[in-house]
Structures are given as C-alpha cells and as structure tokens.
Amino acid sequence: MIEAAVLGYGTVGSGVVEVIERNREEVSRRAGEEVHVKYILDLRDFPGDPYEDKVVHDFNLILEDEEVSIICEVMGGVGAAYQFTKQALEAGKSVCSSNKELVAKHGAELLAIAARKHCNYMFEASVGGGIPVIRSINNALTPERIEAVTGILNGTTNYILSKMEREGADYAQALKQAQELGYAERNPEADVEGHDACRKIAILASLMTGNNVDAEKIYTEGITKITAADFDYARAAGMTIKLLARASLQEDGSVLAMVAPHMLSKEHSLAMVNDVFNGIFVTGNMLGDTMFYGHGAGKLPTASAVTADVIDCIRNRDRTAWCIWEETECRLADVAQTKKKFFVRVKASARKAAEEVFSGSSILEVPEHPEEAGVITQELTERECSEKCALLKENVISRIRML
C-alpha cells in the first residue's frame, strides 16, 4: 500500500481526497497497488468531515513518517509550500503540486533536488487544470523540437471576455458576474492583470526549451482595458478578443514570451474556446500544431491531474521520471523588436492623421461608434507602433495586438 499526504484541504485538496477515495479501484489498478491518504495537513479543523480523523496541523508528523512516500502540495503560495516541498524532496518523498506560482518560481531547483534524491517532483495540475499538456510535452512530444506554445490559460479572464462578446457587457459587469459565480476571486488581480497566465506560460516555456524562463521577465498585459467597443470592432472584422499567453523560439535561439489580449480570426481554433475553458496550441517542428482543450481549473479536474501525478510517481518509484528543466536562465527576446499587426482605435477627428501615420493601414468603422475609427495596421514592431501612437497623442483610444 502507498501512503500519501495532502497539504491543504481547500477546494483542490478536498478534491484530491475525493478522487482517490471515489475512484479507489481505478486508481489502485492503474498504480499497481492501493493508494491511501494517511494525513491531511491544514491549519483548520473539519468537524463532521468524513476525513476529519486524518487532519493534522504539524508538517513534521508527515515528514518524519517513513510510511509516507508521496505528498500532494495543493496549498498555494511560495512560503510554507516551498519549505515543505523542499524538505519533502530532500527526505526522498515525491511531491505532486498544483501550485503554479511555486512551480514557476522554483521548478528548476525542485526538479534538481528530486533528481538528486531519486524521487519525483510533478506538477501537471499547475497548468491547464485537468488538461494533460505537461505530460504530453514530457512524453508524447519528446521527438519534437517544440517551436511555440500559444494558449488561453486562464478561465476567469476567458469567461469575462466571452461574456463581454456575447452580451455586450462592459468589463466591470462581466467581472461582477464572474465573482458571483465563483469564477473570479474577490481580489481578481492575479487573473485579470495576466499574472496567472504569465506563470503558466513560464512553466510551459521552460519545458519547451529545457532552460529556466523567469516569469517576472515576461511582458504581461491583462484585460482590464478591454471594452465593449473593442468587441464591436472585432465583430465587424470577423474577429474576437482573447487573452493569449505565447512563447516561441526565435531564429537567434532566444524565446519570445508574452501575455496580452489579442484579436484573432473567428476561424481560429482558439477563438472557439469560450467561458472558463482553456485551449493550448503546441507547435512541433515535425508534427505541427497539436491542440489541448478542457477544463483549465476547478476542484475535480485539477484534483484528477494531481492524482494522475500520484500514479506516475508510483510507476517511477526509486527513479526520477524524464523531465528537462535546467536552472540555466533562458534568454528572452526583446518584445519591442517583434513584428505583428495592431488594431488601433482613434478619435474620428484624427482619422486622416492616423491614415498618414499608419501608412498602408485599413480603416474599420462601426455604426455604434461614429465618434471614432479603427485602424488595422501593416506589420510593425512593437516599438514602431508605440512611436506612431505617440505621434497621435491623446487621439489614440486603445490598441490591441493581432494574431
């Protein structure tokens, strides 16, 4: 029998216990032996909970128990979660995590400790909830040189943008409904400012390159400036707006990584990913595009991914599963030098000036907004677009990148 412990008995932690208990026969059959949750670590007590007898408050009880070989870290944050994970790995106990903040910041270090101690650090649930994208990169796509990853990696922002598109709601209205439905936190900053998606693309970019991509160095822009008017223009152009996290290899060996709202064609597969769902494109040099789609968050989808890692740890007992993520820093490309088309909204009085500044551009007008006009530029670098917008000064209302 495999004895496991769960650190954190919140939404995901309770889900992990539920998945292991409800699917006990399936989990045990695929693992090759029975899996049992011996401890649940939490600061709180849970009177009346069916597993209240497993709840403990001292991590050392778990650390010093030689029967416990696998720990599920679903606490979140980088304080206690980092210390507990590091101690567990140093003790030769495998750790399965859903903590994208911890993985993005310390993933390379923790993997190195696991390799040295012949155990495993797994984190499928840290990106895409129940979508098996990390396992696919580490296993099914190993013959490929992965050239790019592009995805909708945050369900909260995708729900908000879907709501704005379908109902013509403004950002504040859509956010409020997301909060009422439990899709957004009371303080939604990590989601709406793009930080959550940034951590996830940092993890995927690190696995893509094999070197460490620092999330704090990735250009990140959220959705708080997107308006209902932007969707009116997108609709007129046969497009939609999504918050995309992107990482791609450049010719000089650097990696372009960024998170920002993008306009993309309604025909693009990612345009069809709506509400709280996630969609991830992985581009290999031989296979081409492979798309992963599913629940990017939620109690049971995320818990299922954590439990899959538990099974993988059992299958790889006494050895470290294959995963290349070195501590060597990956060189990031200068976003200002990258080229793309832009959609720029300007005041109607500046239309002629905008046509001159953005020579070769096309103009988009919608009846709902006679006081302004939309400009779809030719391909420009980020720096060139910023310089041209600066020439138009206060006449520029907003700009959105185009995929």
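Eleven of the 13 residues of α7 are buried, so this helix is largely enclosed by the rest of the structure. Buried means under 20% relative accessible area, exposed over 50%, and partly exposed in between, with a 1.4 Å probe and protein chains only. Helices (H or I, at least four residues) and strands (E, at least two) are DSSP runs, numbered from the N terminus. This is a predicted model, in which local features need pLDDT of at least 70 and side-chain atom pairs count only at pLDDT 80 or more, while totals for chains, interfaces and linings use all residues. Residues are numbered from 1 along each chain as its sequence is written, and side-chain values use heavy atoms, with hydrogens and water left out.

Helix α7 covers residues 155-167; at 1.5 Å a residue it should span 18 Å, and its end C-alpha atoms are 18 Å apart, which agrees. The expected span is 1.5 Å times one less than the number of residues. Among the buried residues of α7 are Gly155, Tyr159, Leu161 and Met164. The buried residues pack against β7 (146-152), α8 (171-180), α9 (189-192), α11 (228-236), β9 (239-249) and β11 (277-284), where contact means heavy atoms within 4.5 Å.

Both ends of α7 have something to show. Just after the helix, glycine 168 has a positive phi of about 70°.

Next come the aromatic rings. Rings of Phe, Tyr and Trp (its six-membered ring) pair if their centres lie within 6.5 Å; planes under 30 degrees apart count as stacked, over 60 as edge-to-face and the rest as tilted. The count by this rule is seven aromatic pairs. In one of them, tyrosine 9 and phenylalanine 46 have ring centres 4.9 Å apart and planes at 90°, so the pair is edge-to-face. Tyrosine 9 sits in the loop between β1 (2-7) and α1 (11-22), and phenylalanine 46, 37 residues away, in the loop between β2 (35-41) and β3 (55-56). Both tyrosine 9 and phenylalanine 46 are buried.

The rings of phenylalanine 277 and tyrosine 293 are stacked, because their centres are 5.1 Å apart and their planes lie at 5°. This pair links strand β11 to strand β12 (residues 288-295).

Finally, serine 398 lies in strand β18 (residues 396-402) and, at 15% relative accessibility, counts as buried. Beyond its neighbours within four places in sequence, serine 398 is in contact with Asp230, Phe343, Val344 and Arg345.
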